[in-house]
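My notes below go through it piece by piece.

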Amino acid sequence: MAELGTTTPGGYLLVLAILLPLGGMMLSFTPGGRWAERIALGSTPFGFALACAIAFDVGRSGKPIVYAVGGLAPPLGIALRADGISAVMLVAAAIIVAAAAFYARAKFATPEGVRESRSSLTYWIMLQAIWAALTIIFVGGDLFNLYVALELLTFAAVPLVCIDGRPETLAAALRYLLFALFGSISYLLGVALFYGAHGTLDIPLLAQRVQATPVVWTAAALMTCGLLAKTALFPLHLWLPPAHANAPAAASAVLSGLVVKGSFFLTLRLWFYVLPALPAEKIAIVLGCLGSAAIIAGSIVALRQARLKLLIAYSTVAQIGYLFLVFPLAAGAQSWSAIGWSAGVMQILAHAFAKAAMFFSAGLLAEALGHDQIAKLGGAARVLPLTFLTIALGGLSLMGLPPSGGFSAKWLMLQASAASGQWLWTLPVLGGGLLAAGYVYRILAPALSDERISLVSSPRRSQEVVALALTIIALALGFAPQAFFDFLEIGRPLAVRLP
Amino acid sequence: MTPSVLAGLTGAALVGLGFYGLILHPHPLRKLLAFNLIGSGVFLVFGIVARRGAAAGFRFDPVPQAMVITGIVVAFAASAIAVALILRLSMESRNVTLDPEVWTRPNGGGAT
């Protein structure tokens, strides 16, 4: 374990990956106005290049890359670590943030001669803040450090929800904030108990020291509850649909695609990295049941929505449910746990790309038609073919039809549940796919009818292309080679039974 | 009962009261106050944890104290954002509620 506490050759990349969005955010405050937009847009290619460099480095050495901050090894210092899953998440975050930044130029750009507005300044700064917070979450190696990152993520996400200042968006943002505060303070109490019991918060060190004692179980329960509230797992999902549906499309895509994955990523870190040695079969089953309930309830409520953006937001609730099937399917060190693990990560990625594209398209649609009532979409696909192509292809991935990332994720989940003999988990996976087909059909069927519909304004081709590019990534994930799944295994600790 | 145990129990009681308030009180401002109560309880628990450093030969373990300071700053920032949102909401609609039903009524709930 000593190698996880000392800086490896590529370690400085992790520092750069954090500093780039953080520095951009600070810098955007100073000149303000249209410079914030230029800085945010300009930093995205560098961020993507850094994320790729980290992924390349992890893949080449086959080991996590580590940076001990200040040259102090844990437990005295704090380490940053990037393993296979962190590197993949960094790349995905960079792509989606870049796409959101390019998409948002239509709404939040301030060309010369136009008065600078507060909402665009907020958007550009908060976008970079979300990116910075996510980067810290993906590479953080210390539970308290991760708490601060989690709070940064919330504080950056809440203003994006109420960016246009209507009372209902303010109420949605406030509810989101209160749920998130509940989550973070529970998490913090768990951190306090871990430190009190074992005297360190460094993830690998803590993993060596934990034992199945009441303190550890209490801390794990508190942290998990907190993270579930932030991830919006059923039945703690009430804040998500109004918050994600009321935000501007460029913000909803980031909130739905990335922000909820941040707290889910920490749940994975907690159970698979800090507590792999705990006999947690029952907890895995509880999480799996909550996930299944989320799939069914979220999809059914999505079927009943009148507004397109609310439908997509409830679909997020359902898709988050799939993520929690990882806990029963990837637990332990059995032969099938690697399949369950790959399925979970694939579901994170496929949903992130497909959902961001769906929100982008919903935003384009609302702008072009002047409303987003599903009942009044008759014939819209004839006038907005590219937008509806994006929705259809994104829907393909949400349903889990081949070839798509969503199909791979669900197929691997079915394989893992068959291999592990946990047949019951196939029911929510298959049922959720059918229900998803139902709600995607509800959008597409009226849009493909023969009715005539008039546009308020025609959408920008560049925005449509950004959305389409994201769905193509979601589809391309379906062709991921075995090397990709091997990459995800890098740095994953396997369960060691307690004596 | 040693002072540590007493302080620990007080912390636990504060956390419990806070969670009760956060979940059951309908008004956002009361929820926010309840959140601050939980925060105080958690910081008290951190204080007790810091005492355990005495076993290692220190008078106190400084790490949890540093965490408490960070935690206080974060909780303060969170409270500031929440108060700003509540104030803005009361200015915009004179109706500070988290009830989602209000916003779907035809008049937007502003007149009630």
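These entries record what I looked up, beginning with chain B and moving on to chain A.

**Entry 1: the model.** I note at the start that this is a predicted model. Everything below is computed from it.

**Entry 2: chain B by itself.** I looked up the elements of chain B and found three helices and zero strands. Read from the N terminus, the order is α-α-α. Next I checked burial: of the 112 residues of chain B, 32% count as buried. I also looked at contacts in chain B between residues at least 6 apart in sequence. Of those, 42% join residues at least 24 apart.

**Entry 3: where chain B touches chain A.** How many residues of each chain are in contact? I have 32 on chain B and 24 on chain A. I then asked which elements of chain B give two or more residues to its side of the contact. They are α1 (3-24), α2 (28-51) and α3 (62-93) of chain B. The largest share comes from α3(B), with 15 residues. I sorted the chain B side by class as well: 22 residues are nonpolar, six are polar and four are charged.

**Entry 4: a strand pair in chain A.** I turned to strand β1 (residues 65-68) of chain A and found both of its faces covered. On one side sit I65(A) and Y67(A), on the other V66(A) and A68(A), and all are buried. The partner I looked up is strand β2 (residues 79-82) of chain A, joined to β1(A) by four bridges. The two strands run antiparallel. I picked out one pairing: A68(A) is opposite A79(A) of β2(A).

**Entry 5: α2 and α3 of chain A.** I looked at how helix α2 (residues 34-61) of chain A packs on helix α3 (residues 84-108) of chain A. Their axes are 9 Å apart, and the angle is about 160°. Angles over 145 degrees count as roughly antiparallel, so α2(A) is roughly antiparallel to α3(A). The crossing of the two is left-handed. I listed the residues that make the contact. From α2(A) they include E37(A), L41(A), F48(A), C52(A) and V58(A). From α3(A) they include G84(A), V88(A), V91(A), I95(A) and F108(A). By class, the contact of α2(A) with α3(A) has 18 nonpolar residues, three polar and one charged.

**Entry 6: α14 and α16 of chain A.** I went on to helix α14 (residues 337-369) of chain A and helix α16 (residues 385-399) of chain A. Their axes come within 9 Å and cross at roughly 150°. By the cut-off used above, α14(A) and α16(A) are therefore roughly antiparallel. This crossing, too, I noted as left-handed. On α14(A), the contact residues are A350(A), A354(A), A357(A), M358(A), S361(A), L364(A) and L365(A). On α16(A), they are T387(A), T390(A), I391(A), G394(A), S397(A) and L398(A). I counted classes in the contact of α14(A) with α16(A): eight residues are nonpolar, five are polar and no residue is charged.

**Entry 7: K261(A).** I found K261(A) in helix α10 (residues 249-274) of chain A. Is K261(A) buried or exposed? It has 25 C-beta neighbours inside 10 Å. The cut-off for buried is 20 or more, so K261(A) counts as buried. I looked up its contacts, leaving aside neighbours within four places in sequence, and found I348(A) and A352(A). I also checked K261(A) against I339(A), which is 78 residues away along the chain. Their C-alpha atoms are separated by 20 Å.

**Entry 8: backbone in the loop between α8 and α9 of chain A.** I looked up A232(A), which lies in this loop. Phi of A232(A) is near 65°, a positive value in a residue other than glycine. A232(A) counts as buried because 29 C-beta neighbours lie inside 10 Å. P235(A) is placed in the loop between α8 (214-231) and α9 (240-246) of chain A as well. The peptide bond from F234(A) to P235(A) is cis, with omega near 0°.

**Entry 9: another cis bond.** I found a cis peptide bond between P402(A) and P403(A), with omega about -5°. P403(A) is in the loop between α16 and α17 (405-419) of chain A.

Conventions:
Residues numbered from 1 in each chain as written. Chains lettered and ligands numbered in written order. Predicted model: local features only at pLDDT ≥ 70, side-chain atom pairs only at ≥ 80, totals over all residues. Axes fitted to C-alpha atoms, helices over the stretch in contact; angles between N-to-C directions. Parallel < 35°, antiparallel > 145°, perpendicular 65-115°, else oblique. Left-handed = near helix turned anticlockwise from the far one by under 90°. Contact = placed C-beta atoms within 7 Å. Nonpolar A, V, L, I, M, F, W, Y, C, P; charged D, E, K, R; others polar. Buried ≥ 20, exposed ≤ 12 C-beta atoms within 10 Å, placed from the backbone. Pairing = 2+ DSSP bridges.
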